Amino acid sequence: MKVLAVGGGGREHAIVKALVRGGAEVSTVMKNRNPGIARSSRDFLLARETDVDKVVQYALSRKVELAVIGPEAPLEAGLADRLVEKGVGCVGPTRSAARIETSKSFARSLLSKHRVPGNIRFASFTDLRDAERHLGSIDYEVAVKPIGLTGGKGVRIQGEHLMNRDEVLAYVREVFEKGIGGAGVVLEERLEGEEFTLQAFCDGRKVVPMPLVQDHKRAFEGDKGPNTGGMGSYSSEDHLLPFVTSSEMEEAVDCMRRTVQALASEGCPYLGILYGQFMLTKDGPRIIEFNARFGDPEAMNVLPLLDSNFVDICAGIAAGDVSRRSCEFKRAATVCKYVVPEGYGTEPRANVPINVDEEGVQRSGAELFYAAVNEEGGRILTSTSRAVAVVGVDVSIDAAERRCERALRFVSGEHIYVRHDIGKHEIIQRKVERMRALRK
Ligand code: AMP
C-alpha cells in the first residue's frame, strides 16, 4: 500500500519504520532532512508540514491511499480534512476533532459537558479581568495554561514555577499581554501524583489501548530543570507501569473511550491516535491533557513492540474499524533516551556534529531513531532540538535500560547531553514510593 507520512522527528521515524515493516511504500513530507526517514522512505519532499496545498498535491502525485500525520500543527491547519476530501484515508483527526489538543478550553468543556470521568476543576478566560477575579475567588493552587498551542512550553504550575499568587497573576497577565498561545488562558486545579501516558488507536467509536509509558519532561537528572519536549521514556513488560495498577489503567482507558464518544456525539468523530496524559492521584487517574497524535518520545516505546501489522491498523483506523485482537504488542519492556545538544531546554547550541555508529547500535540490539537533525555533506548536525533517540527493548525495564546504555556508547559528540537516569531502578523506585505515600 502507498502511504504518506508527515513529519520529520523521532516519532515520525518510528512511524515510518513501522509502516515499512508492515509492507508499505512510504512517501514522506518533512521540513528537515531526517536521515533515517529519508532512507526508509521511497521518496520524500522537504516542505513545511503545514503547507496543506503542497502536502495534498504531493500525496495525490504519489497516489497514496492512506496518510499518517505525525505532528499536531498540520492537523490544526486542516490537513486531514483536505486529504479525506480527496479520498485519502487519514490517521489523524480533522481540524474540528483535533481541538481536543489544539484548544485546552474546548477539551475541558467537552469533558465537563459529557461528564467524562477524570476531569478536574477548571475555568477558561478570554478576558484578563475575569481571570484575575476568578483567581481572587478560589482557594486551591492552579496550573496556568495558555489556551492555544505553545509547543508544550506555556504551562506553569503554582508551587513549582510560580511560587505564590502574585507570580500566578503576573504570568496570567503576561499570557494576555504577549498573546502566548493566542487565545486566552485556562486556570485549572493543580494535581499531585505521578504522570503517565496512555496512547490509543481510535476509529471514531472504539478505543484500543497501547502499553502505558512514562515520559520525563524535565531537562536534568532527578527530574530537575526546565520542561522540554521530553528527554526519554520507559514502558514495562506488563504494559502497566510500576506505580499503576491494571484497574487504574482501565479507568484511564474508560476516560479515553468516553472522550471519543463525546467527540462523535458532537459531530466530530475522532480517527487517529489519541494520546492521554494522566496524573495518577490518590483518588485515581485524572486527565492533564489530550494530544491528537502519538507522543514523542512515547511513539518510540510502543511502535517497536507492535506484533500486529501497523499498516493494517492504520487502514482500520481510517475505515472506522479497529479491534483489540488486531493490535497485539510484545510482552517486553522499553527504555528510550534522547541525545540532545548541550543547553537543550534553556539555551541550546545549534549545528552540533554528532557521530552515530549505526552498526554498533544495531549490534547492541537497540533501536535508533533520528529526530531534528540534518544530514549535510555526510555529517549529521543537530538543530536546537532533540537529535537522536536510542531505545532498548528487553525482558524487564532494568535489562532494557542496560541495553539502551550499551547502545548509547555508539553515539558520540563533544557537545551532546543525555539524561542517563531515565529507566534506572532508583528513579523509578522513588516514583513508586512517592505514589505509595500519597495513597496512604
Ligand atoms: P501540558 O502541556 O498540559 O501537558 O502540561 C505540561 C506539564 O505541566 C505536564 O506534563 C504536567 O507535568 C504539568 N501539569 C499540567 N497540568 C497540571 C495540573 N493540573 N496539575 C499539575 N501539573 C500539571
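At 26% relative accessibility, Arg 190 counts as partly exposed, a class that lies between buried (under 20% relative accessible area) and exposed (over 50%), computed with a 1.4 Å probe on protein chains only. This is a predicted model, in which local features need pLDDT of at least 70 and side-chain atom pairs count only at pLDDT 80 or more, while totals for chains, interfaces and linings use all residues. Residues are numbered from 1 along each chain as its sequence is written, and side-chain values use heavy atoms, with hydrogens and water left out.

**View A. Glu 160 and Arg 190 form a salt bridge.** The closest N and O atoms are 3.7 Å apart, a salt bridge being a side-chain nitrogen of Lys or Arg within 4 Å of a carboxyl oxygen of Asp or Glu. The pair links distant parts of the chain, 30 residues apart. Glu 160, with a relative accessible area of 39%, is partly exposed.

**View B. Arg 419 meets Asp 223 in a salt bridge with an N to O distance of 3.0 Å.** These partners are 196 residues apart and link distant parts of the chain. Arg 419 is buried at 0% relative accessibility, whereas Asp 223 is partly exposed at 28%.

**View C. Asp 254 and Arg 258 form a salt bridge, their closest N and O atoms being 3.7 Å apart.** Both residues lie in helix H10 (residues 246–265), 4 residues apart, about one turn of the helix; helices are DSSP runs (H or I, at least four residues) numbered from the N terminus. Asp 254 is partly exposed at 27% relative accessibility, and Arg 258 is likewise partly exposed, at 31%.

Notes. Helices (H or I, at least four residues) and strands (E, at least two) are DSSP runs, numbered from the N terminus.
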